[in-house]
Amino acid sequence: MSVKGQLFILSAPSGAGKTTILKKVMAQVPGLAFSVSHTTRSPRSGEENGVDYHFVSVEEFQAMRDKGLFLEWAEVHENFYGTSRPAIMKQLARGLDIVLDIDVQGAAIISRDATVPAVSVFIAPPTLLELEKRLRGRGTDSEETIELRLNNTAWEMESAPDYNYLVINDSLEEAVTTLKAVIIAERSRGHRLPTGEPIVLVNKT
Ligand code: ADP
Ligand code: 5GP
């Protein structure tokens with residue numbers, strides 16, 4: 001039996017802890033591939049080209065967009081971000097589950113696209129004050145960037161009810177456990193083992 005992969009879409013306001021949760025879940029759950037997006041924003045310290053993002057110029061991004069190479073793309077916090085359609089199709093064909101870390105605009109586009117099976121998860125911070133604390137505590141962004149990202153939080157949170165699952169990242173450990181449970185439940189719903197492989201039923205006779 002061939003395994004059919006699916007997409008797991010994750011969105012959150014900046015600083016909610018999505019990347020932190022995702023890194024832990026990816027290390028603990030087998031059979032997940034991360035969709036490496038293209039972006040025009042500059043790399044943060046520690047980010048690697050081709051691993052965290054494909055960092056491209058605005059011209060390169062626009063050329064890809066005009067060739068229809070993005071499954072979805074959006075302008076987020078004044079930069080462009082997009083998901084490569086060929087990369088996703090290749091991984092799905094291999095039976096892999098793919099994790100997409102994308103914003104609420106991109107999530108809405110993919111959720112409307114009947115050609116790709118997707119489950120969506122919204123990660124929310126416990127409070128807005130805690131979100132601001134985390135964003136500042138991360139120490140990777142300028143004051144201007146932090147303010148822009150905080151200003152975008154309210155309308156991003158408005159999309160939360162549209163997602164299949166909501167996870168509050170208060171305790172990191174609990175958020176990781178919940179996201180793992182979502183992935184395992186969705187695999188079981190697709191008649192697959194928690195590891196992602198197909199379940200082969202054995203007859204008693
Ligand atoms: P995002 O990817 O959603 O923008 P990050 O994963 O970069 O957010 O997390 C933002 C900051 O918050 C990081 O410094 C991270 O270590 C911290 N953080 C993440 N989850 C928690 C949590 N549950 N409790 C406290 N701090 C957290
Ligand atoms: P960051 O700059 O903090 O890495 O990401 C900023 C926002 O862009 C986050 O909400 C992240 O989920 C989103 N994002 C990252 N890649 C993509 C993508 O390919 N498409 C869309 N629509 N959003 C993305």
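Select Glu48 to begin. Glu48 sits in the loop between β3 (38-39) and β4 (54-55); helices (H or I, at least four residues) and strands (E, at least two) are DSSP runs, numbered from the N terminus. Leaving aside neighbours within four places in sequence, Glu48 is in contact with Tyr53 and Phe55, contact meaning heavy atoms within 4.5 Å.

A word on the model: it is predicted, so local features need pLDDT of at least 70 and side-chain atom pairs count only at pLDDT 80 or more, while totals for chains, interfaces and linings use all residues. Residues are numbered from 1 along each chain as its sequence is written, chains are lettered from A and ligands numbered from 1 in the order in which they are written, and side-chain values use heavy atoms, with hydrogens and water left out.

**Helix α3**

Stay at Ala87. At the start of α3, a side-chain oxygen of Ser84 comes to within 3.2 Å of the backbone nitrogen of Ala87. This is a polar contact: a pair of N or O atoms within 3.5 Å; within protein, one must be able to donate a hydrogen and the other to accept it, and residues adjacent in sequence count only if both atoms are side-chain atoms.

Select α3 (residues 85-93). Its buried residues are Ile88, Gln91 and Leu92. Buried means under 20% relative accessible area, exposed over 50%, partly exposed in between (1.4 Å probe, protein chains only). Look down the axis of α3: the buried residues fall within an arc of 100 degrees, so they line one face of the helix. The arc is that of the directions from the helix axis to the C-beta atoms. They pack against β1, β2 (32-34), β5 (70-76), β6 (79-84) and β7 (97-101). Turn to the face away from the buried side: the exposed residues Lys90 and Ala93 are there. After α3 comes Gly95, with a positive phi near 80 degrees.

**Ligand 1**

Select ligand 1. It is surrounded by 13 residues, the closest being Gly15, Lys18, Thr19, Thr20 and Arg138; a residue counts if one of its heavy atoms lies within 4 Å. A polar side-chain atom of Thr19 lies 2.4 Å from an oxygen atom of the ligand. A nitrogen atom of ligand 1 is 3.0 Å from a polar backbone atom of Asp170. A nitrogen atom of ligand 1 is also 2.9 Å from a side-chain N or O atom of Asn169.

**Asn169 and Ala16**

Centre on Asn169, in the loop between β9 (165-168) and α8. Asn169 is buried, at 4% relative accessible area. Its side chain reaches the backbone oxygen of Ala16 at 2.7 Å.

Move to Ala16, in the loop between β1 and α1. Ala16 is buried, at 0% relative accessibility. Beyond four places in sequence, Ala16 is in contact with Ile123, Pro125, Leu131, Arg134 and Asn169. Ala124 is 108 residues away along the chain, yet the C-alpha atoms of Ala16 and Ala124 are separated by 6.1 Å.

**The cores**

Finish with Ile21. Its contacts beyond four places in sequence include Ile123, Asn169 and Leu179. In the largest nonpolar core, of 20 residues, Leu10, Ile21, Val25, Leu32, Leu179 and Ile183 touch the most other members. Such a core is a set of buried Ala, Val, Leu, Ile, Met, Phe, Trp, Tyr and Cys residues joined through side-chain atoms within 4.5 Å. β1 (7-11), α1 (18-28), β8 (118-124) and α8 (172-189) each supply at least two of its residues. α8 gives the most, with 5 residues. Another core lies apart from this one; its 16 residues include Leu7, Ile98, Val116 and Ala160.
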